[in-house]
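Trainee: I would like to learn how to read a few features in a model. Could you take me through them, one at a time?

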Amino acid sequence: MGKEQDMEEQGSSVDAPRIVDARSAARLNERPGERLQRSTVLWRYLNAAKLFDFFENATLFFCRADHFSDKFEGAFTPTLRDQISASYARGEIDYNYEQFKRRMRQSVYINCWHRNQDDSAAMWALYGKSDCAVALTTTVGQLSDTLREADTEHEAWIARVEYVKHWSDPKLDISPDYARIFAYKAKAYEYEKEVRVIIDHTAGPHAATCGEPDAGLLVRVDAMRLLRSIVIAPDAPPWFEKLVRQSALRYGIRTPVRRSKLAADPI
């Protein structure tokens, strides 16, 4: 997650993905008992500025992968690196390993969510960044259905991130395409419990735009269809809660608005 949310305001173009059905897309890197279900609850933590931008524009930001701060983002393992280098040496592909890795990072766009039934104090601190913050909640099913309404030639899929130690050469399942490498992150980020929507531009009409400075894509969504609830930060002042409720109604968003359960007084 991280820098993806910091870059959100800089997204300059609007696109819309063709979403793969969540029940099939969620097959990525999952062990029995850990599969994404349509009922799986997802959270996206926003500061006040990003919330009101969402109210005004109803867009989700997809960060271009090379703008993430994590240096292991999209990293391959030694075995995969050797396979790519061998394919280049045999003339099966037109780019060496470093060119291939750079092309992937410049052509894949990612929207990040936190997977949890309840809100997280750590996520409030990291991504809310102030008392005047909220979290948008949805479910895998709602997210999938919302994005499926958009029509585009670019496929998108929902993936539960698996956390690995790249340096130990783990076996990564990236078939049938290499963009699935972005469903893996370094073990140090395991606390994020991340679920991603991934859009792959490595093939098709946008492939030639690799290297352009765009920070990402903005995808228009139906906010009412997407949202399960709006949760207000536990330490938010009363005036901010009132403002959020009034603003949601003003923009025709009638999804439930509530304060974080972390704000409740203990018994």
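Trainee: Is Phe 240 buried or exposed?
Mentor: Phe 240 has a relative accessibility of 1%, so it counts as buried. Bear in mind that this is a predicted model.

Trainee: And Trp 239, buried or exposed?
Mentor: Trp 239 counts as exposed because its relative accessibility is 53%. The cut-off for exposed is over 50%.

Trainee: How do I describe a pair of aromatic rings?
Mentor: A ring pair is described by two values, the distance of the centres and the angle of the planes. Now the case here. The whole structure holds 11 aromatic pairs. One of them joins Phe 76 and Tyr 97, with 6.0 Å centre to centre and 75° between the planes. That makes the pair edge-to-face.

Trainee: Where in the chain do Phe 76 and Tyr 97 lie?
Mentor: Phe 76 is in the loop between strand 4 and helix 4, and Tyr 97 is in helix 5. The two are 21 residues apart, and the pair links distant parts of the chain. Both Phe 76 and Tyr 97 are buried.

Trainee: What about the rings of Trp 239 and Phe 240?
Mentor: They also form an edge-to-face pair, at 6.0 Å centre to centre and 85° between the planes.

Trainee: Which residues do ring pairs link into a cluster?
Mentor: The cluster has Phe 76, Tyr 95, Tyr 97, Phe 100 and Tyr 178.

Trainee: Let us turn to strands. Why is strand 5 described as largely enclosed?
Mentor: Count its buried residues. Strand 5 covers residues 108-115, and seven of the eight are buried, so the rest of the structure largely encloses it.

Trainee: Which strands pair with strand 5?
Mentor: Take them in turn. Strand 3, residues 41-47, runs antiparallel to strand 5 and is joined to it by two bridges. There, Trp 43 stands opposite His 114. Strand 4, residues 59-64, is likewise antiparallel to strand 5, with two bridges. Cys 63 faces Ile 110 in that pairing. Strand 10, residues 194-200, pairs with strand 5 over seven bridges, again in the antiparallel sense. Here Ile 198 is the bridge partner of Ile 110.

Trainee: Which residues does Glu 194 contact, beyond its neighbours within four places in sequence?
Mentor: Glu 194 belongs to strand 10. Its relative accessibility is 0%, so it counts as buried. Its contacts are Met 1, Cys 112, Trp 113, Ala 159, Arg 160, Val 161, Tyr 163 and Lys 185.

Trainee: Now a loop residue. Where does Ala 183 lie?
Mentor: Ala 183 is in the loop between strand 8 and strand 9. With a relative accessible area of 0%, Ala 183 is buried. Its C-alpha atom is 6.7 Å from that of Arg 160, although 23 residues separate them along the chain.

Trainee: How do I read the faces of a helix?
Mentor: List the buried residues, then look down the axis. In helix 3, residues 48-57, the buried ones are Ala 48, Lys 50, Leu 51, Phe 54 and Phe 55. They fall within an arc of 165° seen down the axis, so they line one face of helix 3. Ala 49 and Glu 56 are exposed on the other side.

Trainee: What lies at the ends of helix 3?
Mentor: Asn 47 caps the N-terminal end, with a side-chain oxygen 3.3 Å from the backbone nitrogen of Ala 49. Ala 58 follows helix 3, and its phi is positive, near 50°.

Trainee: Step back to the whole protein. How many helices and strands does it have?
Mentor: It has nine helices and 13 strands. Of its 267 residues, 53% are buried. Among contacts between residues at least 6 apart in sequence, 85% join residues at least 24 apart.

Trainee: Last, confidence. What is the mean pLDDT?
Mentor: The mean is 83, and 82% of residues reach 70 or more. Over residues 9-33 the pLDDT stays under 50; the model has 76 contacts beyond four places in sequence for them. Residues 205-213 are also below 50, with 16 contacts in the model beyond near neighbours in sequence.

Methods: Residues are numbered from 1 along each chain as its sequence is written. This is a predicted model: local features need pLDDT of at least 70, side-chain atom pairs count only at pLDDT 80 or more; totals for chains, interfaces and linings use all residues. Side-chain values use heavy atoms; hydrogens and water are left out. Buried means under 20% relative accessible area, exposed over 50%, partly exposed in between (1.4 Å probe, protein chains only). Helices (H or I, at least four residues) and strands (E, at least two) are DSSP runs, numbered from the N terminus. Two strands pair if DSSP finds at least two bridges between them. Contact means heavy atoms within 4.5 Å. The arc is that of the directions from the helix axis to the C-beta atoms. A polar contact is a pair of N or O atoms within 3.5 Å; within protein, one must be able to donate a hydrogen and the other to accept it, and residues adjacent in sequence count only if both atoms are side-chain atoms. pLDDT is the predictor's confidence in each residue, from 0 to 100. Rings of Phe, Tyr and Trp (its six-membered ring) pair if their centres lie within 6.5 Å; planes under 30 degrees apart count as stacked, over 60 as edge-to-face and the rest as tilted.
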